[in-house]
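Hello,

Here is the structure I promised to pass on. Please have it open while you read, and my notes follow just below.

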Amino acid sequence: MMLFDIFCVCIGGAFGAVARWQIAKRLDCTQSGFPLGTFVANMIASFMLGIIILLSQKFNLPKYIDLFLEVGFCATLSTFSSLAWQIADMLQHKKFALSLFYASTTMLCGMILFEIAYHLA
C-alpha cells in the first residue's frame, strides 16, 4: 500500500472520529437510555456512504477520495463497536425492548438511508 493511501485513510478517519465524538457528545442522553448520538452518527454515515459510492461510480472519482471518504471518514463516523457495547449494556440492565428497538431501527434505517442515497440519480 502506498504511503499516500494510508495518509488519506488516516486523515479521513481523524475527521470522522471527531465528528462522531461531537455528535455523541451533543445528542447522547442517559435519561432516556437511547443512544441518540450513536444512532444519528450511524444514520449520517449510511446516507453519506450511499452518496459517495454513487458519485464515485458515476464520476469515476480518484482512489484517494474514496479512501478518504469511504474508508476513513464514513467508517469512523459510524461505529459498530459502540452499537454493540450499548446493546450489551441495555441487555445487562434488562432493557430488552429498548435493545431490540435500537438494534433493529439502526440496521433498518441505516439500510434504507443508504439505499435512498445510492439511488438518488
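How are α4 and α5 oriented to each other, roughly parallel or roughly antiparallel? Please keep in mind that this is a predicted model. The axes of helix α4 (residues 80-92) and helix α5 (residues 96-118) cross at roughly 160° and come within 8 Å. Angles over 145 degrees count as roughly antiparallel, so α4 and α5 are roughly antiparallel to each other. The crossing in which α4 passes α5 is left-handed. On the α4 side, the contact is made by Phe80, Leu83, Gln86, Ile87, Met90 and Leu91, while α5 brings residues including Phe96, Tyr102 and Met107. Sorted by class, this contact of α4 with α5 has 10 nonpolar, three polar and no charged residues.

Another pair to look at is α2 (36-59) and α3 (63-77). Their axes are 9 Å apart and the packing angle is about 165°, so α2 and α3 are also roughly antiparallel to each other. The α2 and α3 crossing is left-handed. Among the residues that meet here are Ala41, Ile44, Met48 and Ile52 in α2, and Leu69, Phe73 and Leu77 in α3. The contact of α2 with α3 has 11 nonpolar, two polar and two charged residues.

Finally, the largest pocket holds about 290 Å³ of space. It is lined by 17 residues, and Asn42, Ser46, Ser78, Thr106 and Gly110 are the closest to its centre. Each of α2, α3, α4 and α5 supplies at least two residues of the lining. By class, that lining has 10 nonpolar, six polar and one charged residues.

Best wishes

Conventions:
Residues are numbered from 1 along each chain as its sequence is written. This is a predicted model: local features need pLDDT of at least 70, side-chain atom pairs count only at pLDDT 80 or more; totals for chains, interfaces and linings use all residues. Side-chain values use heavy atoms; hydrogens and water are left out. Axes are lines fitted to C-alpha atoms, for helices over the stretch in contact, and angles run from 0 to 180 degrees between N-to-C directions. Helices (H or I, at least four residues) and strands (E, at least two) are DSSP runs, numbered from the N terminus. Angles under 35 degrees count as roughly parallel, over 145 as roughly antiparallel, 65 to 115 as roughly perpendicular and the rest as oblique. A crossing is left-handed if the near helix is turned anticlockwise from the far one by less than a right angle, and right-handed if clockwise. Contact means heavy atoms within 4.5 Å. Ala, Val, Leu, Ile, Met, Phe, Trp, Tyr, Cys and Pro count as nonpolar, Asp, Glu, Lys and Arg as charged, and the others, Gly among them, as polar. On a 1 Å grid over the protein atoms alone, a cavity is a set of points where a 1.4 Å probe fits but cannot get out, and a pocket is an open set with protein on both sides within 12 Å along at least five of seven lines; lining residues have an atom within 4 Å of a point. Grid points are joined across faces, edges and corners, and a volume is the space filled by probe spheres set on the points.
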